[in-house]
Structures are given as C-alpha cells and as structure tokens.
Amino acid sequence: MMGLGFVPIFSLALLVSISSAEISNKVGVNYGQLGNNLPSPSESVELIKSLKAKRVKIYDANPHILKSLKDTDIQVSIMIPNELIQNISKSQSLSDHWVKTNVVPYYSDVKIRYLLVGNEILTNADTGTWFNLVPAMRRIKASLKTHNIKKIKVGTPSALNVLESSFPPSNGTFRSDISGPIIKPMLQFLDRTKSFFFIDAYPYFAWADNHQNINLDYALFKANNLTYTDPGTNLTYTNLLDQMLDAVAFAMKRLGYPDVRIFIAETGWPNDGDIDQIGANIYNSATFNRNVIKKLTTKPAIGTPARPGWVIPSIIFALYNENQKPGPGTERHFGLLYPNGTKIYEIDLSGDTPLSEYKKPLPAPTNNEPYKGKIWCMVAKGVNETAVGDALSYACSQGNKTCDAIQPGKQCYKPDSLFWHASYAFSSYWAQFKKGGGTCSFNGLATMTPKDPSFGHCKFPGTTL
C-alpha cells in the first residue's frame with residue numbers, strides 16, 4: 001500500500017516543483033505616485049534597489065519611471081488605466097498602438113514582465129467596464145504577440161471582494177454577478193496563457209473589520225499556538241493570509257480552474273491611520289511585512305495549506321506614504337518609506353535578513369484596542385484653501401443647522417478664518433451624519449483629533465466612536 005501511494009505523491013511534488021521552477025519567489029514593491037512630495041523616478045529606483053526589491057509595480061506606464069528602470073534586474077509590472085479599457089476592448093488598432101507606445105520602446109532594456117489591464121475593476125459598481133475587461137485583456141495579449149513580445153503575462157488585479165464567500169476557505173465562491181459572465185472567461189484566458197490571478201489581499205482590513213473574533217497575532221503571522229481547521233477539508237491554517245489565498249484557490253477550482261496560479265499584487269499593513277482605525281501602527285506594519293516576506297521567500301516554497309509547495313509571487317504595498325491618496329488615514333500610510341526616502345522601519349524585501357537581525361526597537365503599539373472617547377474633525381495641515389472652501393460650502397449645505405454657530409454674530413463666528421469655520425463645519429457635519437455613513441474625510445482635507453478644539457462660548461460638536 002505504501003509503494004502504491006508513494007508514486008503519485010512524488011510525481012505531484014515533482015510536477016509542482018517543475019511548474020514553479022520558472023516563477024521567482026522574490027518580493028517586490030508597489031510604487032504609487034499619489035503624493036506631491038515624493039522623490040524623482042531615478043531617486044525612487046535607487047531606493048527600490050536599497051530595499052532589495054526584485055519586482056516593482058507601477059499604476060501606469062510612466063516613461064520617466066521606465067527609463068529609470070533601464071538595465072536593472074528588477075521585474076516590472078505596468079498598468080493600463082481603467083478609463084482606457086472600454087475603448088481598447090473594441091479596437092485592436094488602439095490596443096496595438098498602446099503596446100507600441102508604452103511597451104515596445106522599453107522592452108529591450110527594461111524587464112517588463114507583467115501588463116495589468118486596469119486596477120480592481122470588479123470592486124466597485126459597473127460603469128460600463130466590467131464586460132469589456134476580458135476582451136481588452138485578449139486584445140492586449142494579441143498586440144504583444146504582433147510585436148513578438150513573449151515574456152509578458154497579461155492579467156488584472158482584483159480585490160478580495162470579488163468573492164461572495166471566503167469563510168471557511170473551502171467555501172470560497174466568486175460573486176454571482178461576475179462569476180459566469182466575467183470571471184470564468186478570465187480564468188480561461190489566464191489558464192490558456194499561463195498567466196496569474198492577481199489578487200490584492202489585506203489581512204489588516206479583514207482583522208480590523210472583525211477584530212473581536214480574529215486574533216491579531218493570527219493576522220500578523222505571530223500565532224504560534226493558534227490554528228484554524230477548515231471543516232470542509234480538514235486543512236489547518238496558521239495565519240489569515242493563507243485563508244484568504246486559499247479562498248481564491250477554491251473559488252477558481254469551483255469554476256473548473258484548479259491550476260491557475262495566484263500572484264499577490266498587493267499586500268501590506270498600514271503604519272498609521274485615523275484615530276478610529278484600530279491596529280494601524282509601525283509595530284504591526286513592520287511585524288506583518290517582515291513575517292510575510294519571510295514566509296513568501298522561504299525555499300523550498302511553503303505555499304498554502306491547499307497548495308503546499310507552490311511559489312506565490314508577491315508585491316508589498318507600498319513604496320511611500322502617499323499624502324494625496326483619498327479616503328481614510330490608513331490609505332496615506334502604507335509606505336515602507338517616508339516621502340524623504342528614509343525607512344519607516346528596517347525592512348529587507350529579499351528575505352535574506354533573519355528576523356533576529358532587525359535590531360532597532362519598534363515603538364510599542366498604542367491603538368490595538370478601539371479608541372474610547374470623543375473625537376473632533378478638523379481641517380488638515382497644508383491642504384488647498386480653495387478645496388477647503390468648497391468642502392465648507394458642502395458641509396453647510398446639508399441642512400440640519402450644521403453651520404448656524406459660525407454665522408455672523410453667533411458664538412463660533414470669531415475668529416473669522418477659513419480654518420476655524422471649516423473645522424467647525426466638518427465636526428458638526430460628522431457629528432450629525434456619522435450614523436448615516438458620513439465620514440471625517442472630505443476628500444483628504446480633514447483629520448481627526450482627540451483634543452477638544454472648543455474655546456470660550458464656542459463648543460465644537462464631537463463624535464463618540
């Protein structure tokens with residue numbers, strides 16, 4: 001009996017090792033550019049090298065960045081903007097032109113290896129792009145073939161919300177609105193072209209949304225004695241990321257594509273955030289990124305419980321803290337580097353540095369539990385005054401006496417400044433509309449503070465989380 005079972009198991013292991021042989025387990029970094037204080041492309045490429053990154057992903061085909069990557073050993077992923085997908089899907093000549101303009105001039109000197117069509121197209125409501133996505137991918141692949149470019153894989157990154165079920169992992173299922181008409185033909189294309197299913201997988205958000213039930217150490221790869229066993233498969237999990245990746249693998253298997261490889265297009269952990277964003281701190285960010293790099297670069301490859309031994313290519317988000325990213329504070333604090341190029345904490349993307357050799361102590365986390373107390377919403381530093389004026393008008397136009405106190409002669413009219421009037425309006429708006437989904441964001445113009453800005457007879461409305 002032993003001999004009969006040994007051959008197929010050995011053959012399977014050999015097959016996995018052969019299929020993974022050409023896939024590098026090196027970790028890369030996502031180079032976002034949504035900041036007004038970031039180093040130049042040439043400086044950025046030197047910083048990417050200093051992090052020992054072997055891959056870089058950019059969110060366009062910026063010629064200055066591509067020129068700076070010339071004659072480096074860094075594998076490059078470029079991207080077609082979301083807004084071009086619809087037109088490219090309908091025109092092979094437009095597709096050919098895009099490849100001729102954005103790929104051909106650089107391909108001989110820059111290791112462009114991945115061409116991503118859009119970014120998280122299937123995350124938000126369809127704006128007419130969903131059903132053009134796979135046709136656009138096919139056209140781009142044909143354009144590459146026309147130009148005799150054989151080393152570039154075509155794909156598209158998806159957020160985890162392409163799944164309607166992800167727990168337990170064996171129950172992984174794609175959303176019913178996209179499963180048949182979009183995901184299945186996409187998987188057929190990826191399988192035929194030996195490309196990857198690119199996934200943005202963030203244990204941080206899964207943990208933060210359900211921190212009462214998910215152990216933080218389990219999300220940070222620190223849970224030595226904590227495991228989860230999937231009742232459907234009896235597979236045992238030791239971390240949250242593996243659960244997320246295997247949910248995708250089972251969803252693909254459910255559609256008849258068990259062998260399409262997974263590529264982590266983004267993962268990471270924020271080093272800071274708004275006061276109400278639990279667990280976003282330097283300690284957790286360093287811990288997660290160091291541990292995920294160690295896991296993904298280990299040789300032979302560890303894989304996941306459902307795919308043991310499979311190499312998982314990956315790219316950490318992000319190179320910099322980007323001060324112009326919209327949304328909550330965490331969005332602007334995923335960087336490995338500050339905008340001045342200094343490291344936020346010691347990190348080595350090659351995985352060659354043992355965890356024990358990171359000597360500089362990390363600041364102790366202070367927000368791993370939800371903040372208890374009142375918070376106010378104020379105008380952030382250094383923001384555009386015209387935009388603040390527009391946001392003030394918006395907040396005051398929502399009715400409900402939001403801005404009564406800053407009218408001439410009222411208790412908060414003085415000091416008569418845009419900063420104080422807008423800060424009062426932001427706090428008042430948030431206090432009134434938070435329960436209905438209102439946020440302290442105002443397109444990145446606002447920031448939260450636990451310090452009561454009230455003075456004299458002027459009382460700023462606060463919000464309790």
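**Close-up 1. Phenylalanine 221 sits in the loop between helix 10 (216–219) and strand 10 (228–229).** This is a predicted model, in which local features need pLDDT of at least 70, side-chain atom pairs count only at pLDDT 80 or more, and totals for chains, interfaces and linings use all residues. Residues are numbered from 1 along each chain as its sequence is written, and side-chain values use heavy atoms, with hydrogens and water left out. Helices (H or I, at least four residues) and strands (E, at least two) are DSSP runs, numbered from the N terminus. Phi of phenylalanine 221 is near 65 degrees, a positive value in a residue other than glycine. Phenylalanine 221 has a relative accessible area of 18%, so it is buried. Buried means under 20% relative accessible area, exposed over 50%, and partly exposed in between (1.4 Å probe, protein chains only).

**Close-up 2. Asparagine 443 lies in the loop between helix 14 and strand 15.** Its phi is positive, about 55 degrees, although asparagine 443 is not a glycine. Is asparagine 443 buried or exposed? Its relative accessibility is 71%, so asparagine 443 counts as exposed.

**Close-up 3. Strand 1 (residues 27–31) and strand 2 pair in the parallel sense.** Three bridges link strand 1 and strand 2. Two strands pair if DSSP finds at least two bridges between them. Valine 29 has valine 56 of strand 2 as its bridge partner. Strand 1, helix 2 (residues 41–50) and strand 2 form a right-handed β-α-β unit. A crossover is right-handed if, with the strands pointing away from the viewer, the path from the first strand over the helix to the second runs clockwise.

**Close-up 4. Strand 2 also pairs with strand 3 (residues 75–80), in the parallel sense.** This pairing has three bridges. Opposite lysine 57 stands serine 77 of strand 3. From strand 2 the chain crosses through helix 3 (residues 63–68) to strand 3, in a right-handed β-α-β crossover. In a regular strand the side chains alternate between the two faces of the sheet. Strand 2 (residues 55–58) is covered on both faces. Arg55 and Lys57 are buried on one side, Val56 and Ile58 on the other.

**Close-up 5. Three strands form an open sheet in the order 15-14-16, with antiparallel pairing.** Strand 15 (446–449) and strand 16 (463–464) stand at the edges. Each has a single partner strand, so one side of each is left without a neighbour in the sheet. Strand 14 (residues 374–379) and strand 15 pair in the antiparallel sense over four bridges. Tryptophan 376 stands opposite threonine 449 in strand 15. Helix 14 (residues 418–433) packs on the sheet and touches strand 14, strand 15 and strand 16. Contact means heavy atoms within 4.5 Å. The direction of helix 14 makes about 140 degrees with that of strand 14.

**Close-up 6. Helix 5 (residues 92–102) and helix 7 (residues 133–146) cross at roughly 60 degrees.** Their axes come within 9 Å. Axes are lines fitted to C-alpha atoms, for helices over the stretch in contact, and angles run from 0 to 180 degrees between N-to-C directions. Helix 5 and helix 7 are therefore oblique to each other. Angles under 35 degrees count as roughly parallel, over 145 as roughly antiparallel, 65 to 115 as roughly perpendicular and the rest as oblique. Helix 5 passes helix 7 in a right-handed crossing. A crossing is left-handed if the near helix is turned anticlockwise from the far one by less than a right angle, and right-handed if clockwise. Gln92, Ser95, Asp96 and Val99 of helix 5 make the contact, with residues of helix 7 including Arg139, Ile140 and Ala142.

**Close-up 7. Helix 7 meets helix 8 (residues 176–192) at roughly 20 degrees.** The two axes come within 9 Å. Helix 7 and helix 8 are therefore roughly parallel to each other. Here the crossing is left-handed. Leu133, Val134, Met137, Arg138 and Lys141 of helix 7 contact Ile182, Pro185, Met186, Phe189 and Leu190 of helix 8.

**Close-up 8. A cis peptide bond joins lysine 299 and proline 300.** Omega is about -10 degrees. Proline 300 is in the loop between helix 12 (282–297) and strand 13 (314–317). Another cis peptide bond joins phenylalanine 317 and alanine 318, with omega about 10 degrees. Alanine 318 lies in the loop between strand 13 and strand 14.
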